[in-house]
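Colleague: I'm new to this one. Could you walk me through how to read a few of its features?

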Amino acid sequence: MNRDQILNEAKKIINGKREQDYGSAYNNHKRIADGWTIILRECYGLKGNIEPSHVALMMDWIKTCRLMNGIDHEDSWVDKAGYTALGAEFADIKEQLIG
């Protein structure tokens with residue numbers, strides 16, 4: 001795919017089904033920013049850096065924000081479960097490495 005094809009495909013996606021599924025891109029990204037601000041404030045304040053488990057929390061928050069527009073979007077529920085499992089595993093790995 002060349003750059004024009006990629007941009008045309010992206011335009012179709014962000015102006016089509018994604019907006020129907022997740023609502024206004026601005027509102028969705030605002031929700032994500034609000035949640036990430038809280039997560040990042042806590043991880044920098046408590047840990048001093050971002051850990052892989054924090055990334056899992058942040059990815060989970062993206063899925064939460066997407067579900068705010070349509071609670072029946074099964075893919076987002078599955079993704080949330082996956083990020084939760086990964087986050088728990090990452091926290092356990094971190095404990096094993098320092099423990």
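This is a predicted model: local features need pLDDT of at least 70, side-chain atom pairs count only at pLDDT 80 or more; totals for chains, interfaces and linings use all residues.

Colleague: What should the 13 residues of helix α1 span?

Modeller: The idea is to count 1.5 Å a residue, so α1 (residues 3-15) should span 18 Å. The C-alpha atoms at its ends are 18 Å apart, which agrees. Look at the start of α1 too: a side-chain oxygen of N2 comes within 3.0 Å of the backbone nitrogen of D4.

Colleague: How many disulfides does a search of the whole structure find?

Modeller: For a disulfide, two cysteine sulfur atoms must lie within 2.5 Å. Here the search finds 0. The cysteine sulfur closest to that of C43 belongs to C65, and at 17 Å it is too far for a bond.

Colleague: Is C43 buried or exposed?

Modeller: Buried means under 20% relative accessible area. C43 is at 1%, so it counts as buried. C65, at 0%, counts as buried as well.

Colleague: Now the pockets. Which element gives the most to the lining of the largest pocket?

Modeller: That's α3, with 4 residues. The pocket has a volume of about 230 Å³, and its lining includes I14, Y22, H29 and R66. By class, the lining has 5 nonpolar, 4 polar and 3 charged residues.

Colleague: And what is the volume of the second largest pocket?

Modeller: About 170 Å³. Among the residues lining the second largest pocket are K47, H54, F90 and I98. Here α5 (74-98) gives the most, with 7 residues. The lining divides into 6 nonpolar, 2 polar and 4 charged residues.

Notes. Residues are numbered from 1 along each chain as its sequence is written. Side-chain values use heavy atoms; hydrogens and water are left out. Helices (H or I, at least four residues) and strands (E, at least two) are DSSP runs, numbered from the N terminus. The expected span of a helix is 1.5 Å times one less than its number of residues. A polar contact is a pair of N or O atoms within 3.5 Å; within protein, one must be able to donate a hydrogen and the other to accept it, and residues adjacent in sequence count only if both atoms are side-chain atoms. Buried means under 20% relative accessible area, exposed over 50%, partly exposed in between (1.4 Å probe, protein chains only). On a 1 Å grid over the protein atoms alone, a cavity is a set of points where a 1.4 Å probe fits but cannot get out, and a pocket is an open set with protein on both sides within 12 Å along at least five of seven lines; lining residues have an atom within 4 Å of a point. Grid points are joined across faces, edges and corners, and a volume is the space filled by probe spheres set on the points. Ala, Val, Leu, Ile, Met, Phe, Trp, Tyr, Cys and Pro count as nonpolar, Asp, Glu, Lys and Arg as charged, and the others, Gly among them, as polar.
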